[in-house]
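Load the model and keep a selection panel open.

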Protein chains: 2
Amino acid sequence: MSGSVTVVGLGPGDPGLVTPAASAALERATDLIGYIPYVARVPERPGLTRHPSDNRVEVDRARHALTLAAEGRHVAVVSGGDPGVFAMAAALFEAVEDGEPAWRRLAITVEPGITAMLAAAARLGAPMGGDFCAVSLSDNLKPWKIVTARLEAALRADFVIALYNPISSARPWQLGAALGLALEIRSADTPVAFARAVTRPDEAIRVMTLGEAREAPADMATLVIIGASGTRLIPRGPGERPFVYTPRSVPTERV
Amino acid sequence: MSGSVTVVGLGPGDPGLVTPAASAALERATDLIGYIPYVARVPERPGLTRHPSDNRVEVDRARHALTLAAEGRHVAVVSGGDPGVFAMAAALFEAVEDGEPAWRRLAITVEPGITAMLAAAARLGAPMGGDFCAVSLSDNLKPWKIVTARLEAALRADFVIALYNPISSARPWQLGAALGLALEIRSADTPVAFARAVTRPDEAIRVMTLGEAREAPADMATLVIIGASGTRLIPRGPGERPFVYTPRSVPTERV
């Protein structure tokens, strides 16, 4: 058994943000597995069998990859952003743990990528310049009570917070609830960014206050950043988006 | 004034993890500013003036970059990992805010990179597969009381925690104190990883329990990951490091 699985992070969308190591992993692959829009980012070539899937059950895709690898194939499982951040890597290891003992002897590697939070931060300035948390608002796999407990802890401890999976047609109210909780704990003038489709042709980035954020539209492609108490705007010229950044220092009087 | 500053993330060290966009930004630069080991990663070439610095005051480097850009130079400020994560981007915007009004009209961009936490996670499996926090243990710029308050909040809310800047000769006890706090809140068998110099020739990655971690050596190049209650190991063959991963699901009984 000499097959392999590499979980490859494709970054936020700009081909300039796909690492050379990720590109090399894609070039070595005999089989490509992933959600349709991610597979579509990888050019066709002879010798590469593509298995695009619209199955939302990530563990099914992971089992498919491991089954092919056990047959000796070299499988690339593609993921947007970084595969380790609310993406395919955890699903793959869930499938390994619950699957055939032989799967543990496969060559399994993960190629990191630029995750949405850091791509959005780079566009905005340096909003994650202090301590920060990343929270998925999806309650498909964890109880909503856990989500709110984590958010509340992060808000009270003054972390910058990145919200992944903020909203979907099946989860229409969670983002509003999360922003409402934030408003109970943080000032209404806290900077908030909604970063949609970062680095893709339809990129849309909006900077607003926490007070305004509840009325702002968002969708599945949106990454939300809620500033900490120190997060600041630097105004620029007319029509230019301000820089958003969090200073590295926390003044002693905030203790 | 047509100069520019780009803060460029060089990733953890492997040239295969430098994005093409970062490489292109380095090729466009007339001037290269950064801490000596990061400047050393960029090859010399005609037309590129290198300004390596061993000054630990990041804001000084940022002001130098902005001053050169105001003279019309195209400056790349290089940073390890991702510039937005405990690195040069926040220092640059601090310098912009406190500096010459004209600096706000410069073209200032940030090129994201693979941050240490995600490079380490990729090597380990998928330890950051759930909600996670990143905390700098340095108390040079924030009171230690803030560091412990944030750690305690993150530990109680069951986040996976990545510790940046865990230790240095001037800060020898903070990591031990942080791990001691973790032991008060999490089980002694919680998986912990010490990932040193990830993707560099001297890479050393160790997986241990939280109970063992206080005795483990660490240095400035070490990134520490403390697992959540769900973080698990998948044993492999003799002599092989286990996979470390955090399942995406949180069981309802943990609420």
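**Helix pair in chain A**

Select α3(A) and α4(A): their crossing is right-handed (the near helix is turned clockwise from the far one by less than a right angle; helices are DSSP runs of H or I, at least four residues, numbered from the N terminus). The model is predicted, local features need pLDDT of at least 70 and side-chain atom pairs pLDDT 80 or more, while totals for chains, interfaces and linings use all residues. Residues are numbered from 1 along each chain as its sequence is written, chains are lettered from A in the order in which they are written, and side-chain values use heavy atoms, without hydrogens and water.

The two helices are residues 58-70 and residues 88-98 of chain A; their axes come within 8 Å and cross at roughly 65° (axes are lines fitted to C-alpha atoms over the stretch in contact, and angles run from 0 to 180 degrees between N-to-C directions). Now show side chains: A:E58, A:V59, A:R61, A:A62, A:R63 and A:L66 meet residues of α4(A) that include A:M88 and A:L92 (contact means heavy atoms within 4.5 Å).

**Helix α4 in chain B**

Move to α4(B). Ten of its eleven residues are buried, so this helix is largely enclosed by the rest of the structure (buried means under 20% relative accessible area, with a 1.4 Å probe and protein chains only). Among the buried residues are B:M88, B:F93 and B:E97.

Next select B:L106, in the loop between α4 and β5 (107-111) of chain B (strands are DSSP runs of E, at least two residues). B:L106 counts as buried because its relative accessibility is 3%. A distance from B:L106 to B:R150, C-alpha to C-alpha, gives 35 Å for 44 residues of sequence separation.

**Cores**

Which residues touch the most other members of the largest nonpolar core? Select A:L163 and B:L163, in a core of 52 residues (a nonpolar core is a set of buried Ala, Val, Leu, Ile, Met, Phe, Trp, Tyr and Cys residues joined through side-chain atoms within 4.5 Å). A second, separate core has 48 residues, including A:M128 and B:L124.

**Between the chains**

Finally, display both chains: 72 residues of chain B are in contact with 72 residues of chain A. The buried area is about 6000 Å², 64% of it from carbon and sulfur atoms (the accessible area, 1.4 Å probe, that two parts lose on being put together, summed over both). Select B:D131, B:R150 and B:R248, which supply 13% of the area that chain B buries against chain A, more than any other three residues.

Notes. Buried means under 20% relative accessible area, exposed over 50%, partly exposed in between (1.4 Å probe, protein chains only).
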